[in-house]
Every structure is written in C-alpha cells, then in structure tokens.
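Hi everyone, thanks for coming. Let me put the structure up on the screen, and then we'll walk through a few parts of it together.

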There are 4 protein chains.
Amino acid sequence: MRRLPFSSDYMEGAHPAVLDALIRTNMESTDGYGADPYCAAETAILEACGCPDGMVRFLVGGTQTNALIISCLLRPYQGVIAAESGHIAVHEAGAIEAGGHKVLTLPAQDGKITADAVRGLTEAYYDNEVRDHMVQPGMVYLSQPTEFGTLYTHAELAAIRDVCHEYGMLLYVDGARLAYALGSAANDVSLKDLAALTDIFYIGGTKCGLLFGEAVVMPHKDLIPGFFTMIKQHGALLAKGRLLGVQFGAMFGVEGVAPEPGRLLYEELGKTVVDYGQRIRAKLIERGLPLYIDSPTNQIFCVYPDAELAALGEKVNYGYMERYDADHTVIRFCTSWATRSEDVDALLEIL
Amino acid sequence: MRRLPFSSDYMEGAHPAVLDALIRTNMESTDGYGADPYCAAETAILEACGCPDGMVRFLVGGTQTNALIISCLLRPYQGVIAAESGHIAVHEAGAIEAGGHKVLTLPAQDGKITADAVRGLTEAYYDNEVRDHMVQPGMVYLSQPTEFGTLYTHAELAAIRDVCHEYGMLLYVDGARLAYALGSAANDVSLKDLAALTDIFYIGGTKCGLLFGEAVVMPHKDLIPGFFTMIKQHGALLAKGRLLGVQFGAMFGVEGVAPEPGRLLYEELGKTVVDYGQRIRAKLIERGLPLYIDSPTNQIFCVYPDAELAALGEKVNYGYMERYDADHTVIRFCTSWATRSEDVDALLEIL
Amino acid sequence: MRRLPFSSDYMEGAHPAVLDALIRTNMESTDGYGADPYCAAETAILEACGCPDGMVRFLVGGTQTNALIISCLLRPYQGVIAAESGHIAVHEAGAIEAGGHKVLTLPAQDGKITADAVRGLTEAYYDNEVRDHMVQPGMVYLSQPTEFGTLYTHAELAAIRDVCHEYGMLLYVDGARLAYALGSAANDVSLKDLAALTDIFYIGGTKCGLLFGEAVVMPHKDLIPGFFTMIKQHGALLAKGRLLGVQFGAMFGVEGVAPEPGRLLYEELGKTVVDYGQRIRAKLIERGLPLYIDSPTNQIFCVYPDAELAALGEKVNYGYMERYDADHTVIRFCTSWATRSEDVDALLEIL
Amino acid sequence: MRRLPFSSDYMEGAHPAVLDALIRTNMESTDGYGADPYCAAETAILEACGCPDGMVRFLVGGTQTNALIISCLLRPYQGVIAAESGHIAVHEAGAIEAGGHKVLTLPAQDGKITADAVRGLTEAYYDNEVRDHMVQPGMVYLSQPTEFGTLYTHAELAAIRDVCHEYGMLLYVDGARLAYALGSAANDVSLKDLAALTDIFYIGGTKCGLLFGEAVVMPHKDLIPGFFTMIKQHGALLAKGRLLGVQFGAMFGVEGVAPEPGRLLYEELGKTVVDYGQRIRAKLIERGLPLYIDSPTNQIFCVYPDAELAALGEKVNYGYMERYDADHTVIRFCTSWATRSEDVDALLEIL
C-alpha cells in the first residue's frame, strides 16, 4: 500500500515547469561548463535579488555549496560560526573540517542563533590574550529557514550582519529551502533583503522543485577570485551546466524556458506548500500533540508517542528525527512542491 | 546560422531513453541519498560487469569521481601515477593535489602509458636510498578511452595490472567515455574485462547519453570503508539519488525504466557514434589533413591549417586543442550519442 | 627588577643534564634524520615503558605531535573526541581541522572527561539513523596531566580504554607535562601503565627539561604505516635528529649521554617540581584564595582579586588564564624543573 | 675506525659561537612563542638585509618552512613553479601537495631554471583556452644555492623576478644553504639583493651552523596576514622561541649573544667552507674524475667508478646520490662549518 509521502522535500523529481523546460531544450547543442545561453538565468536571478551587478554561480547540491563557499572565503586560520544544530555542524560528514576549518558552534534556540551570541563568541576571541593560538571567527553561517523550519526576521538578520561588519566577518545564508521561507506568512525577508544583508547566500533548488541545483548569489561579483576554478577543483562543475540554467530559468521567468516569461515561480510556489504544513501544525495542536519546535514553514516537528508510531508508520512516511524520552520520539512531517492536497487531507484524518 | 555540432560529447541533454525514464518516474516519491529502488541499477551493472558481489556507487561528474576515489584509496604519503596528458594531471584544476596527493606523471605515447614505464618509475622509487623522503607510488590512473581517444588493449592493461600487483599499487580506470571504447571495432576490453583487471573503474554517463552521472564499479565491495560518508563529505552525494539510478537503469536494461528490459543500451550506443567518428577520420586522411593522433573512437584529432580555420569555424563547431606550429592548430571533431547522420554528411562535404 | 618566574614551564632552556649531553656530543658527526646512534634512546624509553617491541619516534613540539598523530590514525570521515578544554580543541589554532578532522568535544570536569561521557557520545552516534551523514568518532584524546593539572586515575583510564575498544576507537594520551604527573603523589599511572592502556601516547620533553622534543610511544610498532614519511611530509622531521635522541637519552639513562647510566631522570625530576606547586597551593588555601581547579601537579590555578593583581604582577610573572567575574581573574602559578627553591619561598611570602 | 665526514652539512651540532650563546642564556627565564628579547635578532637580520621595515619569523626546519610559506601565499587554485630537481618537487614527501598545491616543474639545467622557461610555462597557461580548468602558476620557488650547489646570478634572479611581476606571481627563495652561497667567490647576490629581488626568502640555519632553525625574511611585513597563527596551526611554532633568536643572534652580531656585537658571522663562515669544497673539486678534476655538476659552493658532485667505491667508503663517509650508469655512481662530497682542515687534507690524499 502506498504510504502518504511526508518524510522530506526531496522525494520526487522536478516541478512540471522545470521538467518541461528540460524536455524542450534536451536536444539543443550548447557549450559546456556554464558557457551556454541558459546560464543567463543569472540575469533573472540578480534582478529578482535587486543586485544587477552581482554574480550567480550554479552548483549541484547543498553540502557541496556550503563546503565550497566556506573554503573559498575563509583564510586557513579562520573558522565559521554556526548553530550547533546547523547543517554544516552536524549532517555534512565533516565536510567543513575536511576543507580545513573549524565550525565554531553556538547553542541554538529553535534552530537559530542571535546577534548577541555571535558578538559574545567573537568578543571572547578578541579579548583572549592567546587568541593568536586560536581559530579566528571569520564568517557566520545561518540557514533560512533553519533546519527546524524557523525563520530569521529582517531585524535579527540585520543585527547579525552588524556584528559581522564590526568584526570583519562575512555573513553567509544557506537557503536550501528558501522557497518555503518566501512562502511563509511569517516571513519578512525577501530575496532583495538577503542580497542587501548578506555577503553571499544560495537559493536552494534541490528541495524547492528542481531535479537538483543551488544558485549561489554574490551581491558583489568580485567576492571570490578564481571561483570558477575553485568550483572545478571541488568537483562541483557540472559539464552540462545548462541543466542548471534551464531549471533555474524555469523558476525565475526566463523567456523560452519558463512557462510564463517574467513570472517568478520560485517566489510563488512556497505559499501552498507552507499552507499544507500549517494545516498539519494546526491539526497536531488540536490533537494535543506537542510541537517539538514551532515552525511557520513546511517542516512540522512534533513529539509523538511511541505506542502509536508503528500504526502511523503503516500509513504515513514521516521523518524520524531523534528520541525525545523513553516513550516519545521527535518526528517530522514535511510538505513540498510535490505534495498533493488530497494527501494532506488524508494525513489530517489519520492524525 | 546553426553550426554543425562537433566540438564535444556533452553538448546536449540526455539520450531519449534516459530522458523518457526520468519523465516517467518524475512524480514517484522515493527515499533520498541512494536509498531508493532505482539505485538497484547497481545489480544490473554488476551483472554486466560479471562481478555480482561487487559494489556500484553513483556520482555526478568525472572530476568529482576521480578526486574522491583517489583521495579514498591513497594513504597520505602516496601519489598516483598518470600520463602527463591524463585528465587528472592537467584539466582538473589541481583537484588531486587539493586532496593532498601528488600526480606522478609519465610521458604519454598517443595518450597512453606503458607497463614498462610504470615499472620504471616504481622501481626507481624503491631503489632510491632516500625514498622515505619521497612520495610513494600507490595507484595507477588510466583512462579508457584516453583523452586522445586511443585504447588500451587487454594485453596492455593486463601488463600494467601485473606491475601494480607486484608493487602493491591499485589500478583505477577512468571511463568517462567508456561507451565509445565499447563501441569501437578496435576494442578488445569488455566491461567484464575491466572488472577482472582493475581494482576500481567508473562507467561514464555524462558523455555517454545521461544528463549527468558516473557509475563507480568496485569488483570487491569492501574496497573503501566508509565510502558513503566520504561521498557525503566530498559534497558528492546527490539528494535525489534515484536520478542516477533511473538514468543508469535505462542504459543497463532495468525493468520499468529501460526501453527494453535486459537490453544493455550502454554497450550498444557507442557503435554508431564511433562509426561517425571513423568516417570523419577517413575523410581527413583522404583530404590529406594529418591526424594529430590516430584514434579508433569518437574523438578525431587533426592538424588544421590556420588559413582555413576561420572558414571552417563559420560552419562547424569544432574543438580547439592547442597550437601546433606557426601556421597550424590541433583541432578535434567529436561525435556523440546525439550526433545526427545528416550532420556527419554535411561535415564531410565541408572538409 | 627581576620578577619571580611562575608563568609557565617552558620559560628556560634545558635541564643541566640535558644541556651537558648536547655540549659533549656537539662536534660528533652522525647521520641525519634519526639514523644516528643517539636515537637509540628509543630502546631505553621502550624499556621504561615495558613494551620492548614497540616503537618510539621523536618530534619537536606538542601541537605538531598532536596534529600529526591524529592525522595519521584517523580515516578521513572520522573525528577525535576531546574535552572542550583540551589543547587540541582550543589552543592549537585549528591544527586538527586543518588536517581534515572534527574535534568532537565533551564537557570537561576539572579538565577531564569520563568513560560514561565518551560512551554517551559514541552510542548516540551509532544509534543515529543518519550517522552515515555524520562524523564517526574514531579516537579519544586525553592529556595527562590535563591542561588544568589534574590527573586521570588508572581506573578512569582503563574505563575509557574499555569504551574505546568496544567501539573500535583508538586511545591517545598527550603527555606534554607527563613528568609532572609522574612526580605527583596523587598519581597512580606509570609509564608502563600508559603503554598498557593506550594505543599511542607521547612523553613530553619541551615542558619537562628539554630544549624541545616529544617522544611518541607506540606500544605496537606497526600502528602507523609510513610514519617516517608522514613525519617528513608534516615538516616534523628534524634534520639533526640526534638532538632529540641525545636529550631524551640524558633523561632516560642512556650510557654516554646521561649523567648516570640507567637512571631515569625523567621519572624523578617531577617530584620536587610538584612539591613546589603543592606548597603554593597550600599557601593559597591558607590565604583564603579560592582555587579555580584543584590540581595535584605543578600548575596551580586560583581566582585572584583584580584589585591586588597589579601589585602581584610587579613582583611575580604569573600566568593569565581568563576573566572570572567582574572583580576577579583566573591566574596560574606554574613550577618547573627550572624553579628555584628560594623563588618559591619568595612567592609564598608575597601571596 | 673514524671515517672522514663529508656526507652532508647537517652531521654535527652547532657552531661553537651558537652553542656558547645557548649555554650562556640557558637558565634565563623568558616568555615563550617568540615573545622574548632574543627574538630581536629580527632587527639585526633585517638590517643585514637592508629592509628595516620588513619582518622575520623563525622556524625550525626547511621542509616545514617551504610547506608553510607556500601554503600561506598561494590561493587554493594556484601552484608553484620549481625545478624538477627542486627540493619541494622531490624530497619533501609530497608536503606541498599535502598542503593542497601542485608543483609545476620545469626541466633544470645544473639545478637551475631560467626566466625564459618560467615565462614559457606561464604564457602557455594564460594562452590556454581552458586555463580555468587548470592550476594557475602563482609563485616561483628557487633555491640558492640549488640542490646541486650551483648559484643564480643577480642578473638571472632579476630576470625571473621580472617575469614574476609581469604575471602577478610571487618569488620565493629557499636559502637552506645560503651561507655557502654568500661564501662563494662566484656569488654576486648579497642578502640585501635577495631582499630587494624576492617577495620572501629564508636564511638557512640548520645546515649553516645552528642546531636547527631557519629565518624567514619578508621585506614587506604585511605579506602574510595571520602568519603567527598559521605557524601555530602547522605545528611549527617553537614553545621556547628564544632558542631560535639566540642562535640567529649569535650569527648576526646581536649584543649579549654574539661573540662580537655587530659582526655578521653568517656572512663570513661560508668562505672557508666553500674553499674546502673547491679544493676537493680541484682534486677531482686533477684526478680526472668527471664532475656530475660543476658547483662553486660546498657541495661537490662527481661520477665515481663503482669498482673503487667500496674502498673509498671504508675511509670516507660520502653522500650517495644516484646511479650514473652500469659502472658508475654519482656521489657528493659536502663540506660544512664543522669540516676540519686536516680532514680535507686527508680526503685529498685518498682521492
């Protein structure tokens, strides 16, 4: 029997608009390694981000993007500040350390860190008499939404940015699920805001409707000297680079590949997905199941009684997170661009 | 005006059978990171390679694959022997060195190295009184076909394998264009032979009909402890791993995705492609244009007079290789699964 | 005016017996890179450690030793467990991460970690469903004495060793100040115990009477294949290796360099040094100055009122550690092989 | 029986003036990690180099110095140009590659490379259409004297420097045996010239009279941001940094440690050593033994008949280099600050 698919947001292929663009362009012959007309999706993305003089580079996956960017931007003696629940701190198999850098973790509240905490860690470093024997904080890594679906507000991001500037650190935002931040009613951070507040961020494609792909946005184009060669060196340069341009082009209204020129599908598609998530959240609250973390996006975390978990698992493919206590487990329900309305209805009935 | 596309074999999207498999499976919901039913293409590949107890892992691109495998298999004090024209020695932006290892280059003849040369380098190392201050050769890297389209014979591979065994080195074959070796009349090395002769090799997808993807074949499954985590750490783990399984499944006759169950499209498709290449070769010879290297596969290299190059370039998208002398340039004509018969005819008329 | 020297244990040159050995052997001509007769100090050390079939390699400094050993012994996807106050976690400028590995920190109690905590972290890893995306604990790093002068008991070490064995992890002990553990009345862990309990440890020279130098002891000689070349690659191979052999020879009773053949100066010299430390400790307690951490060795940490710090600083060169609160600072008094009895008396009068 | 010691220049301890300085300062108490008064040898060295606003940092050994400097100065996508016989290319166990960088080798003539060859390699890179997939030359590495004892002239260095400037590359000179260049009648490159011509170089101590130690000279002090922390991270920071300051101080006339304040022993001591070498060279020529490479410094290489080698070896400790042909071996006679006049006489009689 088919189980309702709510375990993650990368379980299906591509959004129909994206797949269609790939099909229509399949037999065209173009140059490789990004030197093709479709990588002009860059222009559309920069326009959407309000930084026409910036630069966009397309990569394949999130861990690859994080490891590459951090390794390109830090000096060898610097580390990156992140939430202890941050993806780079936990679930990237030590990719940041493999690139030579320490992840300087801060306790997280709802998956988020604060400007005060960043300032605290950084001041402690600069106040330390033997700081020359220590790793210098050189960058702050955030994810928007976070690994727990929560959102940084514009004010929170601006405060962290201010601390970064004060101490000569860069601010980098991991937007693996950015479409689901943009689609949340609770969100007050636009693409243009991200471009204005950060030194570099990426617009996630893999979890937001593409077969694969992430678009790195640098509001200032000279941020990383030799970036192309660094991408190649990291094994992150896709031979058929146009596959990324075509897919992001479909999402950002590029004529010839998008269903409708100028329409920013990426900014739209999150709304319904988040609505689905919030309906699940409401039902859990109604049902009296405690939320593990209260998320305003597409990932809903709750504390589920073990006694009922097997029954749930027969009907629903949910995401296992961790043990909560002797009798409860933290699980996740995750919606995506591929979630069907009728599956949400069915899930709500089961819960 | 459309120029005839002969510059490379990664200019188009995917072979229709592959694209079709992606379309048909697009909305299925599967687990990520290779834990999906389609990654069972592994079984079909192992069977085709005659090593049912081996292991296959799917990666995205060639440089990524080379860097990852070499970094997984060498000890930190070891280097990898390669032809000075080998892809890892020249065109991977120092990815092997970035992973900590020296590429120990040997002069190449037609893009190939010999067992004698490998033995010479290795013996010189072991004979050296201060070898403990030097990089130890730990692996031999070959490409089949080579970067110049030439082929190692079964006997040549076996001889190199023998030297490897004698000195405790591993043998790794880069098969980025393997389909075009398999499709050559001059080839006497089958997939089964590669599995029998090497410690590890990869079956190239990107240049052989897939959107992207390379299948790493390890005849002995325990070759690399922790390989999954290493893949993740290198940013080489595709979230939607089934995209790789589906594409290779279409190529290796997997029921449900392949056009015809059991039919090894990968072993077939090279034949026509190589025939196209050989027609171009024959025409160049007839025309009296010297071959730079005589290749029996899909890449044809010739020495072209500069005076005629601009005219050629108006009609044909050829590959620039390097300057030959003051008046000549080495160029490449490359055919692929996407090459059309009428384009070959048109090219032959132009030459 | 000369300030009383109590800031650290690496402020002077070498113990007279060591200096004398260097002077006497200065003009002898020997082979380099450890291939000299004096590196036979290895035999004396192995005998003192009760592992005659082991191997000793001499290195120059502590951070170098830690980074090299950890990088030699971990697989790329593994990390090293350490106290959050461990030297490798804080004061080695990210050397472990620069070598590619995450330091998996545990909260420390008096600078120590427990077998239970090690087990907890390790079990959590093996219980995690997505552990393949995470760094695997591959080694436990301890320091004896710890960075805060405290000691692991034999029972504590044995318990940690048991957890290591259970989970296939190596146990490595950093003995930068090992002589001051051996000299403490509170210590129940001998050199032979360390050899029996650990996979690898080092006997610190730099802080224990040598100009410089650390002796890495491997109870089983085959622990690290290619170790010599790894040492060279890390820039850790001293050209005049005999300088290390001569110095350790003087400490471990080697005929011709030691003041008295067979006498283990290294095991003796700590006693007086620790006695000096303990006299300072007693005085602080008597005076009512709270100990920050209660150490039974040569480093004494106390919480000092800021109001009196300037006055102290005029007469005493103490070690600054960190701010304690608005009005207090944590400082360290450190004795060493070079400490003079009359300086201790003078310090006690000042306190 | 004692064999005449001519195998290398790091077989003895320290020059008496250096040893004496260490003895006299042994029991002084100073701060660690270079924060001691003796590291003011920096001032004397900068003065000798005519770059008072530069910076000197002291390290322990040559491979360490090369690996650290190259890793500090290259961007990750850059490589270092060196002679194929250069120390970093052959005898440092892959330390440069372990730091992530390719050594771009050029054929050497008498151990040297030419400005033309450097320009050729660099131009070929910049002319290559796919250079973005290749390692960019970012630095030139030379040794003065070379590994074969030969010398770059001022004109040769200036020409190489010009090419470096033209292509934005740094020029780094390895002066492991610099005293023996300075002591050669054939030399026209002073310390001041090196400071004027290079971006960074090091004054070798280990082979030139110190127990150990190399002084890195940066004519412009801001060349390497975070250099101290990088030194620490590489395990290259000596705890008792004053040992390096004291030794170099003795060599560069620092009051209180040098035998004679202001006297530059380092610039003087090579003369006699080179004279000894040249006497050996003259005898070999007289005797009709072919020089392998004609060196004007302290290393003399000749082609020796195997039939006589055993007899020679009984009386002389020479350096084995490599096999020359079936009946001959390349060997080295090496003099040093420790060479005794009577040993040279004895050797000349034997030859």
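This is a predicted model: local features need pLDDT of at least 70, side-chain atom pairs count only at pLDDT 80 or more; totals for chains, interfaces and linings use all residues.

Now let's hop over to chain B and look at a pair of helices. When two helices pack, we describe them by the angle between their axes and the distance between those axes. Here the pair is α6, residues 115–127, and α7, residues 154–166, both in chain B; their axes come within 8 Å and cross at roughly 20 degrees. Angles under 35 degrees count as roughly parallel, so α6(B) and α7(B) are roughly parallel to each other. Their crossing is right-handed. Who makes the contact? On the α6(B) side we've got B:Ala115, B:Val118 and B:Arg119, and α7(B) brings B:Ala159, B:Ile160, B:Val163 and B:Glu166. Sort those residues by type and you get 5 nonpolar, 2 charged and no polar.

Last stop, salt bridges. Over all chains, the structure holds 64 of them. Let me pick out one: A:Asp9 with A:Arg177, where the closest N and O atoms are 2.6 Å apart. This pair ties together distant parts of the chain, 168 residues apart. A:Asp9 sits in the loop between β1 and α1 of chain A, while A:Arg177 is in the loop between β6 and α8.

Key
Residues are numbered from 1 along each chain as its sequence is written. Chains are lettered from A and ligands numbered from 1 in the order in which they are written. Side-chain values use heavy atoms; hydrogens and water are left out. Axes are lines fitted to C-alpha atoms, for helices over the stretch in contact, and angles run from 0 to 180 degrees between N-to-C directions. Helices (H or I, at least four residues) and strands (E, at least two) are DSSP runs, numbered from the N terminus. Angles under 35 degrees count as roughly parallel, over 145 as roughly antiparallel, 65 to 115 as roughly perpendicular and the rest as oblique. A crossing is left-handed if the near helix is turned anticlockwise from the far one by less than a right angle, and right-handed if clockwise. Contact means heavy atoms within 4.5 Å. Ala, Val, Leu, Ile, Met, Phe, Trp, Tyr, Cys and Pro count as nonpolar, Asp, Glu, Lys and Arg as charged, and the others, Gly among them, as polar. A salt bridge is a side-chain nitrogen of Lys or Arg within 4 Å of a carboxyl oxygen of Asp or Glu.
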